[in-house]
Amino acid sequence: GALANLDSETGGFDAVAAASRAAWQQALGTVDLDAPAPMKRKVATALYHALIAPGVFSDVDGRYRGPDDQVHEAEGFTFHSTFSLWDTFRAEHPLLLLVQPEQRNRDFVKSLLASQQESPFGILPVWQFHGRETWTMIGYHAVAVIADAYLKGVRGFDADAALAAMVKSATYGPYGGLDEYMKRGFVPIDREPEAASKTVEYAYDDWTIARMARALGKTDIAATFEGRAANWRNSFDAKTGFLRARKSDGALRTPFDPTAINYGSDYTEGNAWQYSWFVPQDQAAMFALLGGDKAAVAKLDAMFNYDNSKLDYSHAEDIAGLIGQYIHGNEPSHHVAYLYSYAGQPWRTQERLAQIVASQYKAAPDGLSGNDDLGQMSAWLVFTALGFYPVAPGSNQYVIGRPFVNRAALTLPNGKRFTVAADGLADANRYVGRVTLNGRALERTYLTHEELMRGGDLRFTMQATPNKAWGATAGARPFSMSTAAAR
């Protein structure tokens with residue numbers, strides 16, 4: 001197979017290099033950027049990083065080695081591998097749905113489904129490297145990638161078989177305390193490490209399964225997983241306002257220190273400060289448990305403003321890029337700056353985004369605050385620079401932040417163009433004064449995928465002072481599971 005791959009690259013080194021350069025220029029050309037040189041360099045580099053993986057793993061004849069260590073042949077698609085799913089379900093895969101052809105995104109889904117069929121355990125990949133399962137990280141986030149792709153219109157794969165594979169992954173008891181989770185509604189810390197993190201990540205994945213099941217008319221499956229999507233409540237301690245690990249008898253584990261970070265403890269590569277915000281499917285309900293919008297904003301501010309001077313995280317994995325207890329160098333924090341919009345204060349999101357972009361990215365070899373994790377760190381910057389971010393993949397919404405480029409034009413997979421423009425963009429003008437979509441005022445703080453895919457013009461008017469009225473009403477806020485039915 002390797003020799004056939006080599007023989008397929010005809011014309012000599014120069015011809016292959018030219019073809020490669022042309023392919024990269026076409027891929028990078030899907031986002032046409034106009035920005036000051038330093039920012040343009042950072043965003044263009046981030047786009048390049050985001051396009052590197054997942055990569056083609058099958059040979060030119062379609063053969064590849066699967067998770068069962070056997071050779072298989074991809075029929076009608078190109079097999080891809082190296083899926084850092086704990087990281088990339090958040091923004092990397094949603095970005096690829098906008099800037100890569102539908103065929104490539106379809107191949108990702110088909111590759112995940114083929115791997116499930118070939119897995120000795122019959123489940124979707126958790127963190128797959130070169131066709132093999134590494135069991136790195138937690139969750140079953142392949143379900144979120146598949147659901148998000150399907151809900152955003154990617155077709156050409158067996159959706160019923162995909163849903164069955166998703167359910168099988170979510171009900172495979174031996175994996176990561178799932179048997180306990182299904183029995184108790186939470187993962188108990190005395191039976192399974194990193195239990196608090198697993199409970200909330202499983203609940204989010206369950207919600208994406210429910211969303212796809214609803215779309216397919218599978219109401220029984222949808223109802224089951226909608227119930228499971230609320231399991232995050234079982235580990236949320238309203239008294240302290242933090243996500244906490246419970247023991248199998250239901251008692252909260254003590255002593256409790258929300259700043260503590262230890263490998264294999266209650267949380268995965270983080271602590272209670274970061275993980276308490278991980279309810280992307282129902283931020284409104286979580287804010288209610290905190291005591292409402294005012295309390296949620298106060299807690300968000302406390303996170304960003306936390307004094308770490310007496311803390312030592314030198315022993316902890318991937319803890320870098322700290323702004324208080326916000327940790328941009330690792331993924332559990334990546335949606336947090338956008339959460340002010342769920343409390344009706346998007347201007348606070350705009351402030352935090354300016355703070356993060358200025359401190360966490362630079363055009364240098366050490367220009368990322370943490371591991372890029374196969375494009376997630378970079379995809380965050382691309383989305384944020386454009387002015388919106390997919391806080392809850394599966395909702396078909398993007399939460400509006402603020403742009404960091406003067407203009408960007410996306411050539412979408414359907415051939416249409418979506419343009420973002422920022423009038424008056426400057427360091428001093430960090431606030432959004434007004435937003436229009438195709439010339440009409442946009443009063444809500446989110447953009448739908450359907451609106452984006454129709455093409456058009458999203459325009460921001462930037463100013464030096466916050467517009468505290470924009471996005472303040474309850475109806476202007478992004479999707480939350482508990483409030484969606486009331487709209």
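Residues are numbered from 1 along each chain as its sequence is written, and side-chain values use heavy atoms, with hydrogens and water left out. In this predicted model, local features need pLDDT of at least 70 and side-chain atom pairs count only at pLDDT 80 or more, while totals for chains, interfaces and linings use all residues.

Reader: Why is Gln 281 called buried?

Author: Buried means under 20% relative accessible area, exposed over 50%, and partly exposed in between, with a 1.4 Å probe and protein chains only; Gln 281 has 0% relative accessibility, so it counts as buried. Gln 281 lies in the loop between helix H12 (272–275) and H13, where helices are DSSP runs of H or I with at least four residues and strands are runs of E with at least two, numbered from the N terminus.

Reader: How do you know that the length of helix H6 agrees with its number of residues?

Author: The expected span is 1.5 Å times one less than the number of residues, so the 17 residues of H6 (residues 102–118) should span 24 Å, and the end C-alpha atoms are 24 Å apart, which agrees. H6 is also mostly covered, since 13 of its 17 residues are buried.
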